[in-house]
Structure formats: C-alpha cells, structure tokens
Amino acid sequence: MDTILPIIAGAIFATGIYLLLRRSLILTIIGIILISNSVNLALFSLGRLSTENPPLIKAGSLEPLAPFANPLPQALILTAIVIGFGLLAFALALAYRSYRELGTVDQDELLEDAEDTSAAIVPRNDFKKGGDA
Amino acid sequence: MNGMLVLPVAIPLITATLALLFRKSSVLQRWFGILGMAALLGSVMILFRDVYTDGIQVLQLGTWAAPFGITLVADMLTMLMLGISAIMGVVIGIYSLYDIDKERERFGYYPLLHILIMGVNGSFLTGDIFNLYVWFEVMLIASFILLALGNSKNQLQGALKYVFINLFSSLIFLFGVAMLYGMTGTLNMADLAVRLPMVENTGLVTTTAMLFMVSFGIKAAVFPLFFWLPASYHTPPVAISAIFGGLLTKVGVYALIRVFTLLFTQDSTHNEYLHTILLWVGGFTMVIGVLGAASHMEFRKILSFHIVSQIGYMIMGLAFNTAMGIMGAIFYVLHNILAKSNLFLISGIAQRLLGTFELKKMGGLYKHYPFLAVLFLISAFALAGFPPLSGFWAKLSLVKAGLSIEQYVITGVAILVGLLTLFSMTKIWLSAFWGTVPEETPEHFGKIPLFGAGKLYILMIPVMIIAGLIIAVGLYAQPLLELCMTAAEQLLDPSVYIEAVLGPQ
Amino acid sequence: MKSLILHTATRLMIGVLVLFSLFLFFRGHDEPGGGFIGGLVGAGAFTLYAIAFGTEASRKVLRVHPITLIAIGLLSLVVSGLIPMFVAEPFLTGKWLFIEWGAFDTKLSTPLLFDIGVYLCVVGFIVTVIFSLEEE
C-alpha cells in the first residue's frame with residue numbers, strides 16, 4: 001500500500017489539474033474536489049500506514065493497547081475534509097449564482113467584459129436627506 | 001505562559017457571535033463592531049507591553065505541552081502585525097458605518113468582518129503549521145463571502161477568480177504541510193525548526209520549501225502568481241477593498257517571512273537556491289506591478305497593481321536576509337498597510353462625490369475639496385517614499401540594507417520603481433484632483449461639505465486617523481524602527497523562539 | 001417531492017434520526033461518536049424532511065433559525081474555552097464538575113459544552129447550506 005497510495009494520489013491530482021484547465025466552471029469545481037481529495041490521500045499516506053490497534057483507551061485502563069495506530073494524520077485529514085466541505089459548498093453556490101446572473105458556465109464568456117467597474121457599486125445619492133448612517 | 005495571548009482571537013469571535021445573534025438589529029451590530037474592535041486594540045496593547053518587557057510570550061492551549069498541543073506564540077513581529085491589524089479593524093469599522101449598505105448588513109457583513117480579523121490574528125499568533133493552515137482557511141472563507149456579497153455581475157466575476165486560485169493555493173499549502181509531517185513527524189514550528197536540518201534528503205526539503213513558496217506567493221501576490229489580485233480587488237465596496245488590499249496580502253508576506261526565517265533558513269545548505277529565487281521574485285514583482293499600474297486608468301485598479309509592486313519590496317527585504325533587510329521589510333509592511341488602505345479609503349470618498357472610479361470621468365476635487373486633496377497627497381507621497389513620511393524610512397532602510405551587502409542592481413531597481421510609483425500617483429492627481437469637473441458629475445458635487453450635512457465625516461474620520469499615523473510614523477520613526485529591529489533580530493536568531501516554545505534545550 | 005412512501009417514512013424516521021443523533025453525541029464522550037457526527041445525522045433528519053415536505057415545513061419543524069443555531073454553537077465554543085481562564089489556566093483546558101446524585105452520577109465538563117457547540121454549529125451550517133441551495 002505504501003507505494004500504491006502515492007501513485008493513486010498523484011493520478012488523482014493530475015486528473016484534477018486537467019479538469020481545472022477546462023473551460024466549464026463545473027469541471028473546474030470537480031477538479032478542485034479531486035485535487036483536494038488527492039492531497040488528503042497524500043497526507044494520509046505520508047502519515048505512514050500500518051495495521052495496528054485503534055488508538056482507543058478501553059474502560060479501566062490508562063493507555064491504549066500497544067502497538068496502536070497514529071491518530072494524528074486522521075485528525076488532520078478530518079479537519080481538512082471539513083474545511084474543504086465548507087469551501088466547496090460555497091464554491092458551488094457561487095458557481096450556481098454566477099450561472100443565474102451571467103447565464104453561462106463557460107469561463108471565457110463568464111470573465112469577459114469585466115471593464116465596467118464603476119457599475120459595481122451604485123453611488124449613494126442619499127446626500128440630500130443626510131444619509132442613513 | 002500568558003493567558004492573554006488568546007484574546008486577539010477570542011474577542012473577534014465573541015463579537016462575531018454576538019453580531020450573528022442580533023443580526024436583525026443594524027444598530028446593535030454596528031455598536032458591537034466598533035466596541036469589539038476597540039477591545040481588540042486594547043488587548044493587543046496590553047500584550048504588546050508584555051512582549052516588549054519580557055520577550056517572546058507563549059501559550060500552550062489546553063495545557064498540552066509544546067510539540068503535541070497547539071501553541072500560540074507572540075514575538076515582536078507578531079505583535080507589530082497584530083497591532084496594525086487591530087488599528088485597521090477600528091478604522092474599517094468606522095468607515096463601514098457609512099460605506100456598507102443595509103442589504104450587505106442584513107447578509108452578515110459585520111460577523112464576517114470580525115471572523116476575517118480573527119483569521120488574520122490567528123495566522124499571526126499560531127506556532128503550529130497545520131493551525132496556520134486552518135487560520136488561513138478561516139480568513140479565506142470570510143474573504144470569499146465578503147467579496148461576493150452583493151451579487152453584482154462584476155463582483156461575481158472578481159470572486160470567481162479569487163476563489164478558485166485561493167482554493168488551489170490552500171491545497172498546495174496543505175500538501176506542503178503533509179510533506180513536512182512525513183519528513184519530521186511534527187507540526188509545531190519550533191520543533192520543525194529543530195528537526196528539519198536533520199533531514200537527510202535535502203531534495204525533499206527544497207521541494208517542500210518551494211511548495212510553501214508557491215502557496216504563500218499566491219496569497220501574497222508575488223510576480224508570476226499575482227494576476228488574480230488586480231482582477232478582483234477593485235470589485236467589492238471600498239471598505240472591503242481597503243481591508244483586503246491593506247491587510248490580507250500582507251498575511252501572505254508574514255507567512256513567507258515566518259517560514260523562510262524559521263523553518264527554511266536561507267543560509268543552510270538545504271536551500272541554496274532560495275535566496276536567489278526570492279531576490280528575482282522580489283525584483284520582478286516590483287517592476288511588473290508598477291508597470292501594470294502605469295497602464296490603467298481606473299482608480300482602484302491602479303491601487304491594486306501598486307499592492308503587487310509594493311509586495312516586491314517586502315520580498316526583497318526578506319531576500320537580503322540581514323537584520324537591516326528584514327527590519328526594512330517589516331517596517332515596509334506596516335507602512336504599506338497604512339498608506340495603501342488610506343488610498344483605497346480616499347478613492348471611496350472620491351467615488352461618492354464624483355460617482356465613478358474612472359479617472360477620465362473624474363476631475364476638480366482639488367478645487368472643491370482641498371482638504372481631501374491634502375490627505376491624498378500625504379498618502380501618495382508616503383507610498384512613493386517622500387521624506388518625512390513613513391515610506392521614506394521604509395525605503396531608506398531597504399536601500400541601505402541592499403547597499404551594505406552589495407546588491408546594487410536590485411537596489412537600483414527599487415529606487416527606479418519608487419519613481420514610477422510617483423508617476424502613477426501623479427496620474428491620479430492630474431485627472432481626479434486637478435482637471436475640470438466633468439459634465440456628467442452628480443448634482444451634489446461641490447455642494448456637499450466634507451464635514452456637516454451628508455455625514456461624509458464618517459468616511460473622513462478614518463482617513464484622517466491613518467493620515468495622522470503616517471505623519472507620526474514619519475516624524476518619529478526611531479521608536480518604530482527600533483521595534484522592527486528587535487523583531488528582525490528575533491527572526492534571525494530562531495534559537496530564542498525555539499527555547500521560548502519548547503523550553504530550554 | 002410528492003410521494004406517499006417518502007412522506008410516511010419521513011414522519012417515522014425524523015424522530016428516530018434525531019434520537020440517533022443525540023445518542024451518537026452522548027456516546028462520543030467516551031467512545032467513537034461525538035458532536036460532529038451527531039450533528040451530521042441531526043442535519044440529515046431535517047434535510048430529509050425538507051426533501052419530503054419542502055424547506056418551509058422543515059424550517060417550522062426546526063423552530064429555531066439555523067443561523068441562530070450557529071451563533072449559539074459558536075458562543076458555547078468560546079465560553080467552554082474561556083471558563084478555565086477564570087481559574088488562571090490556559091484557554092481550552094478541560095475542567096470537570098462531578099455531581100453525585102446517588103443513583104445518577106453526573107459528569108459536567110467544558111469538553112461537553114464544547115461538543116454541544118460543535119453539534120449546534122454542524123446542524124446549523126449544513127441546514128443553512130441545504131435550505132439556501134434548495135430555495136434557489
């Protein structure tokens with residue numbers, strides 16, 4: 001497993017990069033998801049794989065049954081997965097919103113004519129009534 | 001052990017929570033915003049005194065001893081950065097009172113702003129590399145939403161670029177963390193500093209260093225990786241632009257400084273290319289950024305490209321790797337946060353008056369609002385490095401550092417870029433402040449006073465505070481220069497940091 | 001979604017799911033389980049209800065606004081961290097309170113409060129995400 005996992009992680013990473021370079025926004029998001037998973041896999045395999053007891057302390061004893069597995073990489077991955085989950089939920093919502101507002105998921109079309117920047121903020125014309133601040 | 005160390009993180013979190021609970025009441029949220037930022041500033045000042053008198057302060061969270069638990073560390077660099085972040089928090093808090101509309105407030109602008117500040121402070125404080133990743137993500141998710149909040153077409157386009165490039169950079173960071181863990185079996189930065197030199201496979205160490213370089217490089221917007229910044233920072237409301245442009249990119253610079261002085265030291269045989277790469281990156285960042293600024297005609301785009309250019313100076317100071325150079329870099333970070341965010345804030349006032357950010361459609365500000373013009377000049381001259389303003393001392397120490405280690409070429413480039421900076425500042429001055437008042441200017445232009453009816457003074461107070469700080473730092477530079485020198489000396493001698501975290505070796 | 005099977009099953013399942021999520025939450029004190037996984041199952045219950053009867057009905061069943069849940073969760077996270085600071089110990093240090101009632105001995109602790117915070121945050125966050133995507 002020690003050699004297979006890094007190879008799988010690398011293959012998934014490469015696939016992710018390929019998808020990242022595609023023009024469709026949805027494929028880009030899938031690419032990010034794949035890369036995120038491959039990095040988690042790399043983190044897992046860099047934490048060394050071993051077949052040992054789970055690192056749980058049985059009732060009545062003070063330490064886990066040796067030899068026990070290293071729980072740290074799993075804690076790290078769990079954190080990374082949760083963070084990734086939140087970020088991807090946001091990315092999906094953003095992509096959906098962009099599709100609704102801009103009518104396309106093709107990045108070439110999505111990102112063109114970004115010049116008109118002054119329209120981004122509607123100037124507040126509430127000076128006369130003294131502002132609402 | 002200093003229990004106070006958690007406050008710069010805990011206070012924004014409490015404020016954000018309260019703002020979330022009372023999200024229906026706009027008045028309460030604003031009060032929480034101002035009070036929370038003020039409390040943050042107070043706690044940072046108390047901590048600053050501790051660090052100044054007693055040296056590096058450490059807190060082991062949950063009483064778990066150093067390499068196993070999460071450690072918070074405050075050295076002089078951390079404190080300087082925390083101080084500037086708290087000042088920015090207060091200033092942006094005031095500016096937001098007027099700048100942020102009801103709609104954005106309803107969708108949680110204030111909680112997000114505080115969570116952003118919490119992420120920034122956490123990144124400065126943490127002494128654990130994985131925890132640094134977590135704080136980066138906290139900061140990122142808040143910045144994502146702040147950038148996209150409002151859903152205008154422009155903002156969505158900016159947010160798309162920002163979100164995907166930053167997601168990718170975080171994943172590279174995480175991969176770097178995984179490599180470090182695989183090589184050394186630890187994630188505590190002090191412990192890593194002890195163990196990394198013992199790793200036999202130097203190729204792996206260099207690779208990991210490059211992963212961090214690319215990841216933090218994207219966040220700091222250095223030369224080949226900066227393109228996302230000018231494409232997105234000019235889209236959100238000005239208060240958000242200012243805190244992004246002032247503070248967020250500097251967190252990337254902070255991470256670069258921390259990692260390349262503590263973990264991957266430039267003088268060790270592990271990383272012989274590092275010094276050269278940093279130097280080239282710094283030089284190109286300066287030049288490309290300022291050229292980009294020269295070619296644009298939109299207020300905030302010019303400022304965005306200047307962020308990139310100024311980052312180059314900081315990287316250059318880091319690459320000099322002498323006490324003088326790193327001191328210059330730290331001083332430059334502090335000065336740049338002030339000057340840059342002030343320029344953004346002024347651009348916001350100009351837009352309120354003239355209704356646009358396009359320089360071609362602006363004009364006449366000097367005639368009708370001379371005080372605003374003076375404030376702009378102070379910030380612009382500080383950015384370009386005129387004496388006696390803060391930028392002068394920042395550039396002077398960098399140039400001195402460069403000359404003292406005989407890096408003549410890049411020092412010359414740095415001076416030349418300073419001149420070009422002045423060129424694009426002149427461009428803004430010529431078209432927005434001089435020039436005739438354009439025809440399609442809103443009716444209120446020239447009639448609304450800066451102080452009085454219209455409540456524009458809410459926008460003016462923060463600008464005046466920062467301008468005052470710029471002048472103060474310029475006139476009394478010595479104390480701050482000494483603090484930066486202390487910070488640089490602490491950085492160049494990691495054994496103090498390591499001893500503070502892990503105890504006597 | 002209009003489906004008799006789904007409707008009937010959901011009515012039966014939602015109580016079981018919420019109970020199961022609480023079971024996972026309390027079991028997590030000493031054994032595998034805990035606030036995160038319990039929160040996921042709890043959020044699953046309300047998501048299922050939203051799929052069967054629509055988000056409006058699900059919001060009614062939840063009673064509290066999901067963002068309020070996140071806020072209360074965050075607040076209990078901070079408070080659980082701050083409690084040890086009152087007895088001059090570092091942030092997040094675990095503090096325990098044993099109450100002896102005779103038959104039911106109770107262990108109250110800051111880790112428990114922290115876990116409640118995690119549970120509420122997870123439920124609030126996931127339900128917010130699902131509801132707002134569903135309502136688009």
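## Burial and the model

A residue is called buried when its relative accessible area is under 20%, exposed when it is over 50%, and partly exposed in between. B:R104, with a relative accessible area of 10%, is therefore buried. The structure described here is a predicted model.

Chain B has a mean pLDDT of 89, and 99% of its residues score at least 70. Among the elements of this chain, the mean pLDDT is lowest in helix 4 (residues 102–106), at 83, and highest in helix 5 (residues 109–125), at 94.

## Around helix 4 of chain B

The side chain of B:R104 meets that of B:D101 in a salt bridge, with an N to O distance of 2.7 Å. B:D101 has a relative accessible area of 26% and so is partly exposed, whereas B:R104 is buried.

B:E105 belongs to helix 4 of chain B. Its relative accessibility is 4%, so B:E105 counts as buried. Leaving aside residues up to four places away in sequence, B:E105 touches B:S26, B:Q29, B:R30, B:I100 and B:Y110.

## Other salt bridges

The count over all chains comes to eleven salt bridges. One of them joins the side chains of A:R23 and A:D106, at 2.7 Å from N to O. This pair links distant parts of chain A, 83 residues apart: A:R23 is in the loop between helix 1 (4–20) and helix 2 (25–46), and A:D106 is in the loop between helix 3 (72–102) and helix 4 (107–110). A:R23 is partly exposed, because its relative accessible area is 46%. A:D106 has a relative accessible area of 18% and is therefore buried.

In chain B, B:R195 forms a salt bridge with B:D191, and their closest N and O atoms are 3.6 Å apart. Both residues lie in helix 8 (residues 189–195) of chain B, four residues apart, which is about one turn of the helix. An α-helix has 3.6 residues a turn, so residues three or four places apart point the same way. B:D191 counts as buried because its relative accessibility is 7%, while B:R195, with a relative accessible area of 36%, is partly exposed.

## A strand pair in chain B

Strand 1 (residues 57–60) and strand 2 (residues 71–74) of chain B run antiparallel and are joined by four bridges. B:L59 has B:L72 in strand 2 as its bridge partner. From strand 1, B:Q57 and B:L59 point one way and B:V58 and B:Q60 point the other way; all are buried.

## Helix 16 of chain B

Helix 16 (residues 370–384) of chain B has 15 residues, so at 1.5 Å a residue it should span 21 Å; its end C-alpha atoms are 21 Å apart, in agreement. Its buried residues include B:L372, B:L375, B:F376 and B:L383. The buried residues of this helix pack against helices 13, 14, 15, 17, 18 and 19 of chain B. Just after helix 16, B:G385 takes a positive phi of about 95 degrees.

Chain C contains five helices and two strands, in the order α-α-α-α-β-β-α from the N terminus. Its C-alpha atoms fill a box of roughly 55 × 35 × 25 Å along the principal axes. Of its 136 residues, 41% count as buried. Among contacts in chain C with a separation of 6 or more, 63% come from residues 24 or more positions apart.

Nine residues of chain A and seven residues of chain C take part. Zero salt bridges are found across this interface.

Note on methods. Residues numbered from 1 in each chain as written. Chains lettered and ligands numbered in written order. Predicted model: local features only at pLDDT ≥ 70, side-chain atom pairs only at ≥ 80, totals over all residues. Heavy atoms only, no water. Buried < 20%, exposed > 50% of the residue type's maximum accessible area, 1.4 Å probe, protein only. Pairing = 2+ DSSP bridges. Expected span 1.5 Å × (residues − 1). Contact = heavy atoms within 4.5 Å. pLDDT = per-residue confidence, 0-100. Salt bridge = Lys/Arg side-chain N within 4 Å of Asp/Glu carboxyl O.
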